[in-house]
Amino acid sequence: MNEPNERPFRSAWHDFPNVVIAGGETQVKQHPEYAQAKAGDVNQAAPAAKRLSAAMIGEQFLEAVRALQTEDARIVPIHALEGRGFNRIPAAFAELLAERFSLDLETRIIQANVVNHTGASGWERMARPAIFEGELIAGRKYLLVDDFVGQGGTLANLRGFILHGGGDVIGAITLTGRGDSAKLALSVETLESLREKHGKQTEIWWTETFGYDFSCLTESEGKYLLRAEDADTIRARISAARSEVHD
């Protein structure tokens, strides 16, 4: 197994498809199994997560997954430790999908750090990127699975890790998420607006800080940065969020 990098790998998006989301946030988060599945003891979380995931899988969702052309793909769940316990939802959800579509489950790719993104601000999410490590097969197709998509940074980092190792990522699936976050691929309009508003030097600073330029941001991340008043605000907010990580 390779040593984890300090900065995530990212790649430009091209024609990456929208995330397939199984259920609405309210539907998932108000389900009686959600709290136990999200942050419970490992042994208790697993069955709760499986029941929760099964309750969200409908025919319309399955058709959207089939449209990704999943044949021969390996399903990669994001393994994440939460501040209050072990989030078993991605693995349980991935297991159900693997069974339903007769696909292999990839367990050798793992998240190498704890980021505690639940309840975090957008600045904190970007300042604390998920880093991945593990073995993958060059030329193999992969399908990413997580419990939630917000800004999409974790999925972007996992995709980047796989592409960097020679794999191919055909899409991403989450149990729930914000509807406006389904589009991961940064639009040309958002990229141009970001570069026009915050300038070349800010993008250079961003690249030096995170290891990738603005073209590798998700659409939600790009729009979040566009809402910042100016380049100095971006630097200050990221610096403050990164300092909190080390305190």
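Predicted model: local features only at pLDDT ≥ 70, side-chain atom pairs only at ≥ 80, totals over all residues.
Reader: At what angle do helix H4 and helix H5 pack?

Author: The angle between H4, residues 59-66, and H5, residues 89-101, is about 75°, and their axes are 12 Å apart. Angles of 65 to 115 degrees count as roughly perpendicular, so H4 is roughly perpendicular to H5.

Reader: Which residues make the contact?

Author: H4 contributes Phe-61, Leu-62, Val-65 and Arg-66, while H5 contributes Phe-93, Leu-97, Arg-100 and Phe-101. Of these residues, six are nonpolar, two are charged and none is polar. As for the spacing, an α-helix has 3.6 residues a turn, so residues three or four places apart point the same way.

Reader: How does the span of H5 compare with what its 13 residues should give?

Author: At 1.5 Å a residue, H5 should span 18 Å. Its end C-alpha atoms are 18 Å apart, which agrees.

Reader: Is H5 mostly covered or mostly open?

Author: Mostly covered, as ten of its 13 residues are buried. After H5 comes Ser-102, with a positive phi near 55°.

Reader: Where is Thr-176, and is Thr-176 buried or exposed?

Author: Thr-176 belongs to strand E9, residues 168-177. Buried means under 20% relative accessible area; Thr-176 has 2%, so Thr-176 is buried.

Reader: What does Thr-176 touch?

Author: Leaving out residues up to four places away in sequence, Thr-176 touches Ile-21, Gly-23, Gly-24, Glu-25, Val-28, Asp-147, Phe-148 and Val-149. A polar atom of the Thr-176 side chain lies 2.8 Å from the backbone oxygen of Gly-23.

Methods:
Residues numbered from 1 in each chain as written. Heavy atoms only, no water. Axes fitted to C-alpha atoms, helices over the stretch in contact; angles between N-to-C directions. Helix = DSSP H or I, 4+ residues; strand = E, 2+ residues; numbered from the N terminus. Parallel < 35°, antiparallel > 145°, perpendicular 65-115°, else oblique. Contact = heavy atoms within 4.5 Å. Nonpolar A, V, L, I, M, F, W, Y, C, P; charged D, E, K, R; others polar. Expected span 1.5 Å × (residues − 1). Buried < 20%, exposed > 50% of the residue type's maximum accessible area, 1.4 Å probe, protein only. Polar contact = N/O pair within 3.5 Å; in protein donor to acceptor, adjacent residues only side chain to side chain.
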